[in-house]
Amino acid sequence: MYRAPLRSMATLARQKLTIGLIPADGIGREVIPAAKTAIEALGSDIPPPKFIDLAAGWETFTRTGEALPPETVQVLKDECDCALFGSVSSPSRKVVGYSSPIVALRKILDLYANVRPILSVSPNPGEPAAVDLVVVRENTECLYIKQEELINTPYGKEARATRLITERASRRIGQMAFELALARPRKHLTIIHKSNVLSVTDGLFRETVRSVATADPKYQDVTIMEQLVDSAVYRLFREPQVFDVMVAPNLYGDILSDAAAALVGSLGVVPSINAGDDFVMGEPVHGSAPDIVGQNIANPIASIRSAALMLRHLGYTKGADRIDAAVDSVVREAEYLTPDLGGKAKTDAVVDAVVRRI
């Protein structure tokens, strides 16, 4: 189970905990307030929280011409201990001047790891979860550097994209994955790649992650396995129990963790954190879901669990445990579930049920 902090950043003497709130687009504006409410319910288990509302997203871009205003970045750097990001409605077509704010924030704040636990809730307390794995996704490179070009040839248009894999980024994401695997009972790490085809880029990722264990004897207790990304997807659905911690380049990690959400019922329950050495930002895995905006049926669980992950990474384990236990109870009882989980409850009712149990 995902419980140990990856890299504790807690300063227990904090007089307050300043949290930047970036709801961004769509249902982000409905689920980030839910996470805020859960944090406020923790009382003395965390320093008194101070929340700062910040702007970003497609709607911000349409109003101001900037998807990520410089003042948002500056406040995060200068005033915030951590942040919560909602969801973004990035267009599927090229829009001049627009770039995804979440991708930009990961780079600007050097949040090089996207950690996504995929954890089911067992029917009875104390029973092991049927699905319990963590996807550790490199967050700053791969095809997400967004270096693309479109050229005209005698045979028509030709599109090309640059894929970047560096030893530095691969090493530090590997180290974080090994630390997480070491803290878990199974101590098992699977390196995801496609080096049988992409022998240079994926080859470098694979070799560098493996070298982390060679360089530090404390990782000798971690069992290392490799899996080609296509067969990893197959095994994820056939036998998810074979996986414990999975580490992958950016694109593979994104696809794998979204696919794995089907194993636990919905994208609406899968949390994540974007973590670096100096900052952490919680982010639900789901998108902006424009089709259900304003209907009060968005599942707030992913955002609430993302808040717990963020607090756990900061070292506030007791508060994080209280949130997770409350969510587990609500899911297990199945009285307050949103439509994506087969229920009829409204967003507000789910939040109220979680807060009562906190």
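Student: What is the handedness of the crossing of H5 and H6?

Tutor: This is a predicted model, in which local features need pLDDT of at least 70, side-chain atom pairs count only at pLDDT 80 or more, and totals for chains, interfaces and linings use all residues. Residues are numbered from 1 along each chain as its sequence is written, and side-chain values use heavy atoms, with hydrogens and water left out. A crossing counts as left-handed if the near helix is turned anticlockwise from the far one by less than a right angle, and as right-handed if clockwise. By that rule the crossing of H5 and H6 is right-handed.

Student: How are H5 and H6 oriented to each other?

Tutor: Helices (H or I, at least four residues) and strands (E, at least two) are DSSP runs, numbered from the N terminus. The axes of H5 (residues 167–183) and H6 (residues 201–215) come within 8 Å and cross at roughly 50°; axes are lines fitted to C-alpha atoms, for helices over the stretch in contact, and angles run from 0 to 180 degrees between N-to-C directions. Angles under 35 degrees count as roughly parallel, over 145 as roughly antiparallel, 65 to 115 as roughly perpendicular and the rest as oblique. H5 and H6 are therefore oblique.

Student: Which classes of residue make up the contact of H5 with H6?

Tutor: Contact means heavy atoms within 4.5 Å. Residues of H5 including Ile173 and Phe178 meet residues of H6, among them Leu204 and Val212. Ala, Val, Leu, Ile, Met, Phe, Trp, Tyr, Cys and Pro count as nonpolar, Asp, Glu, Lys and Arg as charged, and the others, Gly among them, as polar. The contact of H5 with H6 has 7 nonpolar, 4 polar and 2 charged residues.

Student: What kind of unit do S8, H6 and S9 make?

Tutor: S8 (residues 188–193) and S9 run parallel and are joined by 6 bridges, with His188 opposite Thr223 in S9. A crossover is right-handed if, with the strands pointing away from the viewer, the path from the first strand over the helix to the second runs clockwise. S8, H6 and S9 make a right-handed β-α-β unit.

Student: Which residue in S7 is the bridge partner of Leu150?

Tutor: S6 (residues 148–153) and S7 (residues 156–161) pair in the antiparallel sense over 6 bridges. They form a hairpin with 2 residues between them. In S7, the partner of Leu150 is Ala159.

Student: How is H9 oriented to H10?

Tutor: H9 (residues 301–313) and H10 pack with their axes 7 Å apart, at an angle of about 155°. That makes H9 to H10 roughly antiparallel.

Student: What is the handedness of the crossing in which H10 passes H11?

Tutor: H10 (residues 317–333) and H11 (residues 347–357) have axes 8 Å apart and pack at about 125°, which means that H10 is oblique to H11. The crossing of H10 with H11 is right-handed.

Technical notes:
Two strands pair if DSSP finds at least two bridges between them.
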